[in-house]
Structure formats: C-alpha cells, structure tokens
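Please keep the sequence and the model side by side as you read.

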Amino acid sequence: MEAAQVIKVTNQMPYGLYIVGSAGDSDVNAMMADWVMQVSFEPRLVAVSFENDAHTLENVRTSRVFTVNLLSKEEHSMELASKFAQPYYGAKIKGRAGTAATEVHHKLEGIPYTTTADGCPVLEAAMGWLECRAEEFVPVGDHTIVIGAVLDGRLVRDAEPLTSSYTGWNYSG
Ligand SMILES: Cc1cc2nc3c(=O)[nH]c(=O)nc-3n(C[C@H](O)[C@H](O)[C@H](O)COP(=O)(O)O)c2cc1C
C-alpha cells in the first residue's frame, strides 16, 4: 500500500464540519469533528468517531450525552470553529513541555452558548444542533465510535452548513 497515495485520497473525502459539545464533572467542552454521520432513521442514531485520547470522549463516557452543533458556511464561522481544534489538555499537543503541557484549554470561555438540560453546550452561533444520548462505544483502532440516540434538535436558521470542502481543512493522519 502506498500510504502517501491513500492519504491523498482520504484528504479529498468531503465531510461536514461539526462542533461536538460535552459536559465534564466541573467544566463544559467542545471540539471540532469531521467524522460525524447519521447512521439510522428508526431509531434516529448519529455516530461520532473520537480520538481515543480526546477529552470529549472522556466526558461522554462519564455523562453519556453530547451535542452536535452545525455552523453555517461563512468566514466568521471558520474563525469560530478554529478555536475548537485545539485539545482540552495542552499535553495532547506533541512537543509541549512544562507548563504548556499541564495547561487545560477552556475553549468555550468568551464564546456565547447555552446548555441543554444535561449541561451540554449549544453554541449561540449554531445554525442547528442535535442533542444525543450515547448508546454504544465501539473501539475502532485509534478512535472510538460513539453511537448516540438523538434526543432533541433544532434548526435555528436556514443556512448552508460549513463543510470541509469550504474550509479546505483536513483531518489527516
Ligand atoms: C478539520 C478537523 C476535523 C477533526 N475531526 C475530528 C474528528 O472527527 N474526531 C476527532 O476525534 N477529532 C477530530 N479533530 C481533532 C479534534 O478537534 C482535536 O483532537 C481536539 O483537540 C479534541 O479536543 P478535546 O481533547 O478537547 O476533546 C479534527 C480536527 C480538525 C482540524
């Protein structure tokens, strides 16, 4: 297998771009995710594939709930979304040492949001959102697929959703 060729292809696979919200014991968190898809109509299920060391996954394992925020296809949405690509734990960024490694990023600080009854963040800027209850955790290599039953959702406003084709951002490895 030519890994470089394979990555060239996977980098061209189009995705939606979502902000997945979660609630920890003492903090809310949100992360950028491409690998989100609807996987069943009845019951209505959505799957998210999380890096095994994502803090969001840790939160979801404990609280069993998460939100999926859809942003609209606009430049200011890209600016907002970019804040959620950094990890909660500074140590997750390779090469970080000392205080940078022990830092935690409260990514939602200064960003307007409300919370669901279970405490998961819904961004004020979201054009729509889903609230899900984690039903299954499926280990898949370096990721874990969480299958969530959709509990609620709102289309806040009609807009074109943000996609990887628009941002040009890759989730590559
Ligand atoms: C364009 C893009 C798409 C991403 N998609 C995913 C994804 O689908 N699943 C995932 O676990 N991480 C994804 N990430 C990486 C997470 O956003 C990143 O690891 C984040 O640090 C995890 O945050 P947390 O530790 O606060 O949960 C993506 C990053 C970018 C830039």
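1. Start with Tyr 18, which stands opposite Ala 33 in strand 2. Strand 1 (residues 18-23) and strand 2 run antiparallel, joined by 6 bridges. Strands here are DSSP runs of E with at least two residues, helices are runs of H or I with at least four, and both are numbered from the N terminus. Two strands pair if DSSP finds at least two bridges between them.

2. A word on the model: it is predicted, with local features needing pLDDT of at least 70 and side-chain atom pairs counting only at pLDDT 80 or more, while totals for chains, interfaces and linings use all residues. Residues are numbered from 1 along each chain as its sequence is written.

3. Now the sheet: 7 strands form an open, antiparallel sheet in the order 2-1-5-8-9-4-3. At its edges are strand 2 and strand 3 (36-40), each pairing on one side only. From one strand to the next, the twist averages 35°.

4. What surrounds the ligand? The shell has 19 residues, the closest being Trp 35, Thr 56, Pro 87, Tyr 88 and Tyr 171. A residue counts as near if its C-beta atom, placed from the backbone, lies within 6 Å of the molecule. Strand 2 (28-33), strand 4 (45-51) and helix 2 (55-63) are the elements that give two or more residues. Strand 2 gives the most, with 4 residues.

5. By type, the shell around the ligand divides into 11 nonpolar, 5 polar and 3 charged residues. Nonpolar means Ala, Val, Leu, Ile, Met, Phe, Trp, Tyr, Cys and Pro; charged means Asp, Glu, Lys and Arg; the others, Gly among them, are polar.

How values were computed. Axes fitted to C-alpha atoms, helices over the stretch in contact; angles between N-to-C directions.
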